[in-house]
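Dear colleague,

Please find below the structure that I am handing over to you. My notes on it follow directly after.

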Amino acid sequence: MVSTTNTRDYVESRQPRHALTRELYCDEQVYKDDLKHIWYREWIFAGHTFEIEKPGSYFTLQIGDYPIVVVRGNDNNVRAFHNACRHRGSKVCQHEKGKSAKLVCPYHRWTFGLDGKLLYAGNMGPEFETEKHGLISAHCQIVETYIYVCVAETAPDFSAFSAAVTPFIQPHYLHNCKVAFESHLVEKGNWKLVFENNRECFHCDGAHPELMNSFVENLSVAGVGGDENPEVTAFWDRCEQAGLPSRLVMDEGGQYRMTRIPLAEKAISYTMDGQPAVNRRLDESGLHDIGALLYFNYPSTWNHFLGDHALSFRILPLGPNETLVTTKWLVHKDAQENIDYDLDKLTKVWLATNSQDRDLVEGTQAGVLSPAYTPGPFSSVAENGVCQFDDWYCEVMKRRII
């Protein structure tokens with residue numbers, strides 16, 4: 001078994017502006033260190049508040065070894081719990097989503113309230129103290145319908161991210177949304193390869209013909225600029241005058257970033273013809289073309305907001321060479337399928353793009369597994385976003401691995 005010390009060695013051996021070393025993409029101990037030092041310490045995007053609108057509604061997710069359930073209580077508060085019964089550890093909520101007046105363990109019927117308190121435990125004797133055996137809480141924060149959870153004993157500050165992202169999302173009124181469709185894609189690649197692939201569109205012309213009907217990359221997408229482009233700055237000025245924050249905002253450490261980008265000429269949405277997929281608008285800006293608001297927050301999510309719909313993406317690591325990618329298409333809650341939108345038109349571009357990205361990630365994983373793989377240099381023109389992600393990862397790991 002490789003020692004933790006070697007994970008730091010791999011990180012420190014990376015050449016500036018080069019891809020990561022082979023071991024950082026495929027080593028079992030590196031994966032365990034990624035979980036320990038990143039996934040178990042950061043805020044992870046779980047889902048949206050409108051997915052659990054009524055008391056008793058819940059959904060589950062798996063963060064490394066931690067099964068988590070997120071539930072809305074009778075007091076309307078959203079809480080996160082470790083999804084392990086306090087009796088013998090069985091998962092209490094075994095489905096991806098559901099609704100229940102109480103959370104009942106299927107093994108021995110221990111019954112918990114929606115606030116996590118233990119309500120019933122049969123055959124435990126008179127000395128048993130019910131109040132000491134409630135579900136264990138996980139940290140839970142909400143910003144503009146986005147539910148984030150953290151399994152660390154002490155969670156990092158959430159307020160800076162919340163304050164930065166709120167002005168960007170707020171004008172899109174996500175609290176008036178619903179999930180029109182969601183997809184779950186297992187990519188046989190390391191989670192870092194999945195995020196690296198997202199952080200550049202160098203590959204898009206050759207790999208994503210559907211997406212390129214509407215998407216145009218510029219420097220702000222990479223998170224490194226955009227102010228020197230007069231067309232982009234004019235677009236930002238127009239959107240900001242209409243109440244839509246647009247200029248690049250990025251935290252000092254590079255963990256999150258928000259920016260709005262113009263789409264291709266005459267394109268309004270991510271569709272094959274570039275025209276809106278949904279009749280009902282999300283924003284109230286009065287502008288027909290608001291481009292696409294993009295935001296990412298490492299390590300678990302990237303997002304796109306358009307005038308007619310929004311997309312949220314979540315990644316969760318399943319193993320050293322396997323990642324779950326969940327995509328949700330969000331539309332106005334009153335929009336009706338086959339009346340206000342056609343599901344095929346709404347989802348076609350990103351279903352195709354996700355599938356193509358999976359092929360790219362899996363092909364890259366197969367290549368970096370080779371003992372002959374040697375990290376190559378990043379393009380100073382088209383791969384600054386990838387470099388920024390790898391820089392963030394390496395700096396975090398250097399800081400946290402003692």
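A polar contact is a pair of N or O atoms within 3.5 Å; within protein, one atom must be able to donate a hydrogen and the other to accept it, and residues adjacent in sequence count only if both atoms are side-chain atoms. The model is a predicted one: local features need pLDDT of at least 70, side-chain atom pairs count only at pLDDT 80 or more, and totals for chains, interfaces and linings use all residues. Residues are numbered from 1 along each chain as its sequence is written, and side-chain values use heavy atoms, with hydrogens and water left out.

**Glu196**

The side chains of E196 and Y25 are joined by a polar contact of 2.7 Å. E196 belongs to helix α5, residues 191-198; helices (H or I, at least four residues) and strands (E, at least two) are DSSP runs, numbered from the N terminus. E196 is buried but takes part in no salt bridge, and R14, the nearest side chain of opposite charge, is 7.4 Å away. Here buried means under 20% relative accessible area, exposed over 50%, and partly exposed in between, with a 1.4 Å probe and protein chains only. A salt bridge is a side-chain nitrogen of Lys or Arg within 4 Å of a carboxyl oxygen of Asp or Glu. For charge, Lys and Arg count as positive and Asp and Glu as negative, while His and the chain ends are not counted. Beyond its neighbours within four places in sequence, E196 is in contact (heavy atoms within 4.5 Å) with L20, Y25, V386, F389 and D390.

**Pocket and cavity**

E196 is also among the residues nearest the centre of the largest pocket, together with L193, E200, T364 and E383; 18 residues line this pocket. On a 1 Å grid over the protein atoms alone, a pocket is an open set of points with protein on both sides within 12 Å along at least five of seven lines, a cavity is a set where a 1.4 Å probe fits but cannot get out, and lining residues have an atom within 4 Å of a point. The largest pocket holds about 340 Å³ of space; grid points are joined across faces, edges and corners, and a volume is the space filled by probe spheres set on the points. Helix α9 gives the most to the pocket lining, with four residues.

The structure has one cavity of 30 Å³ or more. The largest cavity contains about 320 Å³ of space. Its lining has 27 residues, with N198, R199, W302, H304 and W350 nearest the centre. Two or more lining residues come from each of α5, β14 (292-297), β15 (301-305) and α9 (343-368), and α9 supplies the largest share, five residues.

**Salt bridges**

The count comes to 14 salt bridges. One of them pairs E12 with R8, the closest N and O atoms being 3.0 Å apart. Both residues lie in helix α1 (residues 4-12), four residues apart, about one turn of the helix. E12 is partly exposed at 43% relative accessible area, and R8 is partly exposed at 26%. K398 and E395 form another, at 3.6 Å between the closest N and O atoms. These two are separated by about one helical turn, because they stand three residues apart in helix α10 (residues 384-400).

Yours sincerely
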